[in-house]
2 protein chains.
Amino acid sequence: MPSSQADRSSAASEVEGLALFAELSAVIIAASVDEPMVLVRPDVPVDTLPAGPLQSGHRTLEAGLRAWVEQQTNLHLGYVEQLYTFGDTDRIDMPGRGGRSLSIAYLALVRALRASARSGARWQNVYTYLPWEDWRDGRPAVLETIETYLKTWVKDSGDAGALREKRAALAFGLGTDSWSDELVLDRYELLYEAGFVREARRDGETTPLTAMTDYPMGLDHRRILATALGRLRGKIKYRPVIFELMPESFTLLDLQRTVEGLSGIRLHKQNFRRLVETQGLVEETGELQTETGGRPARLVRFRREVLLERPSPGLRLSSTKRPPN
Amino acid sequence: MPSSQADRSSAASEVEGLALFAELSAVIIAASVDEPMVLVRPDVPVDTLPAGPLQSGHRTLEAGLRAWVEQQTNLHLGYVEQLYTFGDTDRIDMPGRGGRSLSIAYLALVRALRASARSGARWQNVYTYLPWEDWRDGRPAVLETIETYLKTWVKDSGDAGALREKRAALAFGLGTDSWSDELVLDRYELLYEAGFVREARRDGETTPLTAMTDYPMGLDHRRILATALGRLRGKIKYRPVIFELMPESFTLLDLQRTVEGLSGIRLHKQNFRRLVETQGLVEETGELQTETGGRPARLVRFRREVLLERPSPGLRLSSTKRPPN
DNA sequence: ACCGCTAATACTCAAATTGAGTATATTCGG
DNA sequence: CCGAATATACTCAATTTGAGTATTAGCGGT
């Protein structure tokens, strides 16, 4: 389609000299029964996500990502989905490097925690980096600090104050007793804007979080992680992606704990099972898991057929206030 | 964070010579009351989406996109969201051009249909390019052809046949009488794989669609459009994005028709209003619209405050079988 | 002034889904 | 054989849906 390229080519030539650099980065999530884990490469002074530059040999972006991850961590990825492409000059570009960087981020889900020694990648609890997101044992303590901090931020902002206040109230459920598990990115963005997270500071200035054993991440990586967690929390509600994290067979409680870990909230046990069963998401293996401490649990497996039956068989979560499970 | 860059830099240098070219492209949607429209540039022999290369002057990707669109179409964008980054070598790269192309696609929603003459962009009905997606007047006729075509494709595929059959059945609701409005991309991908759409053919080979006044789009643009439509159809169900397309004041039926246009299905009128009202999405302006043909309709406006009240006030659509609205 | 057309708006009702429990069944370790 | 601990089953009221029917208000004629 040559003629359609006419004006584009000329426009392109204006920037033909622009050195463009595209990085493929991966948020790789796995789940021990109780904690969601992310694979990181411990660099000094910060942790970074597995990543590598797009190369001409990569037929597709996803293939390129898989290749890098396999090379860096010796891990073969199953489920992969594109997350977002980051490209703000002030947050992505490395100082000293000419040209322009793009970061194409992917979310990957894997079953086991076979972290590989090659390059020393290791699994870290997701909530290490986003400690305010875990409400399974009640309101996280950091939120006290955050709330105080945000209040100052709202006060110090004159006219914009009213809007900031509402945004903060909505994202963090201030005032109300409600918490939206999916607003991960909104919360991160607020904390970034407010200068609460370390990467929002140009200088080495400390922030309240620094004092609280903050685990910083390189470049935009905490933002990418927040994007991934928010997306995943949303997706488990209408697609059976959670099973990408489960072993071949598991108990319904294992499943519930995994979902709770990712969502950061507790669920109503009886209703959770009802949901899983009526949706036909699992089938019995016939075996029992006896190390439960009580009555043995049936082992089940994911019914892959549902993928070809209904279009959106997810797990609409019904949360519970008290945890009397 | 210099040390964290160590191995990355070396990897990068392997491809420092790779000429990377990033294009920002926009699916700009507007809505006349009855039809969803997309802004295209009529190139010969195909239509293309507004697009331009990422330049060093662009502080953010979104800013770059806005700049290109303003320059090419004289249109100022309001709501903009990133859609997807395409980069498969065989679908994106332009023959004859060395190096590698990325296409970072955005979805934009605008209120009016002020197409601009600059560069001759014009509004086209979205269903011109995806005619099988519009079920408002019953099952679209093209689906007969598609069904026949897909059956042959399934037959000609040996072992993979069973899977293909199920995929097709799920995406197009074959066998059942159900239709999932959000599976736009799945359907497009199937038609692409099956060689039904023109752009799937390397040579000038015709396809059944060619014969049926197909309006082809350049490069990957029909795929991008499908991505956009699917995303939008999903999003109106849990975010009040539809109001980005509505004028300042409108009637509830206007709103319903607009939603129907985008979703491609008919809705139950009474329940639609109930939903809009109980969600508190609109407020009365006090005025009436008298050119209705019957009882005058109240004019309402979007209650922007909801954005700061509830986290996901969308329009869960309840479809209807017959259109006795 | 009133009729009938048309569409807006109001109200109804059964079915399905949800939220929150209580009740019963099975193991295990003494 | 008891009690602790869990799994699994069943219940029930409150909402939320899906699908209608009923009523209201202008308009264009006569």
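Biologist: In this predicted model, which side chain meets B:D181 in a salt bridge?

Modeller: The model is predicted. Side chains of opposite charge can pair when their charged atoms come close. Here the N to O distance is 2.9 Å, and the partner of B:D181 is B:K237.

Biologist: How many residues apart in sequence are the parts that B:D181 and B:K237 tie together?

Modeller: B:D181 sits in the loop between α6 (161-172) and α7 (184-193) of chain B, while B:K237 sits in the loop between α9 (221-235) and α10 (252-263) of that chain. Both B:D181 and B:K237 are buried. Because the two residues lie in these loops, the pair joins parts whose separation in sequence is 56 residues.

Biologist: Which helix of chain A holds A:R233, the salt-bridge partner of A:E133?

Modeller: The side chains of A:E133 and A:R233 meet at 2.9 Å, N to O. A:E133 and A:R233 are both buried. A:E133 is in the loop between β7 (122-125) and α4 (142-155) of chain A, and 100 residues separate the two. A:R233 belongs to helix α8 (residues 221-235).

Biologist: Is B:E305 buried or partly exposed?

Modeller: B:E305 forms a salt bridge with B:R303 at 3.8 Å, N to O. B:R303 has a relative accessible area of 18%, under the 20% limit, so B:R303 counts as buried. The value for B:E305 is 34%, which lies between 20% and 50%, so B:E305 is partly exposed.

Biologist: How many salt bridges does the structure hold over all chains?

Modeller: Some of the charged residues are linked in a network, namely A:D137, A:R257, A:E260 and A:R266. Over all chains, the number of salt bridges is 52.

Biologist: Which residue just after α7(B) takes a positive phi?

Modeller: Within α7(B), the buried residues include B:V184, B:R187, B:Y188 and B:L190. B:L191 and B:Y192 of this helix are also buried. Just after α7(B), a phi of about 75° is found at B:G195.

Biologist: Which element gives the largest share of the largest nonpolar core?

Modeller: In soluble globular proteins, nonpolar side chains tend to be buried together. The largest core has 67 residues, and A:V27, A:I29 and A:F172 touch the most other members. Its largest share is seven residues, and they come from α4(A).

Biologist: How many residues make up the second, separate core?

Modeller: Among the members of this second core are B:V40, B:W132, B:Y149 and B:V282.

Key: Residues are numbered from 1 along each chain as its sequence is written. Chains are lettered from A and ligands numbered from 1 in the order in which they are written. This is a predicted model: local features need pLDDT of at least 70, side-chain atom pairs count only at pLDDT 80 or more; totals for chains, interfaces and linings use all residues. Side-chain values use heavy atoms; hydrogens and water are left out. A salt bridge is a side-chain nitrogen of Lys or Arg within 4 Å of a carboxyl oxygen of Asp or Glu. Helices (H or I, at least four residues) and strands (E, at least two) are DSSP runs, numbered from the N terminus. Buried means under 20% relative accessible area, exposed over 50%, partly exposed in between (1.4 Å probe, protein chains only). A nonpolar core is a set of buried Ala, Val, Leu, Ile, Met, Phe, Trp, Tyr and Cys residues joined through side-chain atoms within 4.5 Å.
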